[in-house]
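Me: I would like to go through the pockets of this model and one of the helices beside them, taking the questions one at a time.

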Amino acid sequence: MTLTQAAFGADTFTKKTLLVLGGSLFIALAAQISVPFFPVPMTLQTLAILMVGLSFGARLGAVTVLAYLAEGAAGLPVFANMGAGLPYMMGPTAGFLLGFVAMAYVAGLAAGRGVVAMLVASFAAAALIYLPGLAWPLGVAQATGVEAGWAGLSFDKVLGAFATPFLLGDVVKAVLAALAVAGGMKFFAK
């Protein structure tokens, strides 16, 4: 049983639709929140994606993130710093945006399980987004015809700009997401 099933009862099409809309709004709002952190400020976007995956389950979590991406592609300012549109989605963080779908899915595989399973899934999901996230500026962007100063950077430069500053924040967010959803499950179990 997922957290959403524990909180709202059996899944219906209407409930799932409302969860997708509410979840995509939650992610959009979290993307606008920047928290001072070391070495760089962090948004709460990936925290929200992990929480959606852990709360909704793998499929509904992934669908929610796809809806979020579709909203951004349609021009709604849902991405960090009110970013929107296809040009934004083809920018330096395009690989991470794509990885968000896998992040929600992998986290969702531990939905309704214990806190340890949620922690493991959250860490795996947080690590997973770096595969497409780093592949994009390393060369995939250039291979698809994107010409920009960040496209085709060396591995060291990509790690320094796109990974290293965010690793500690991702660990913190993975722990917070697992603990928050596990706490919610305990609350609704009572």
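Me: By class, which residues make up the lining of the largest pocket: how many are nonpolar, how many polar and how many charged?

Reply: This is a predicted model, and its largest pocket, with a volume of about 610 Å³, is lined by 27 residues. Among the elements that give two or more residues to this lining are strand 2 (42–43), helix 3 (45–56) and helix 10 (167–189). Divided by class, the lining has two charged residues, eight polar and 17 nonpolar.

Me: Which element gives the most to the lining of the second largest pocket?

Reply: The second largest pocket has a volume of about 190 Å³, and its lining includes Thr 2, Asp 11, Phe 56 and Arg 59. Two helices, helix 1 (3–8) and helix 4 (58–73), each supply at least two of the lining residues. With four residues, the element that gives the most is helix 4.

Me: Against which helices do the buried residues of helix 4 pack?

Reply: Helix 4 has 16 residues and reaches 22 Å from its first C-alpha to its last, close to the expected 22 Å. Its buried residues include Ala 58, Leu 60, Val 65, Tyr 68 and Glu 71. These buried residues of helix 4 pack against helix 2 (13–31), helix 3, helix 5 (85–89) and helix 6.

Me: Which residue just after helix 4 takes a positive phi, and of about what value?

Reply: Helix 4 spans residues 58–73, and the residue in question comes just after this helix. It is Gly 75, with a phi of about 105°.

Key. Residues numbered from 1 in each chain as written. Predicted model: local features only at pLDDT ≥ 70, side-chain atom pairs only at ≥ 80, totals over all residues. Heavy atoms only, no water. 1 Å grid on protein atoms, 1.4 Å probe; cavity = no way out; pocket = protein on both sides within 12 Å on 5 of 7 lines; lining within 4 Å. Points joined across faces, edges and corners; volume = space filled by probe spheres on them. Nonpolar A, V, L, I, M, F, W, Y, C, P; charged D, E, K, R; others polar. Expected span 1.5 Å × (residues − 1). Buried < 20%, exposed > 50% of the residue type's maximum accessible area, 1.4 Å probe, protein only. Contact = heavy atoms within 4.5 Å.
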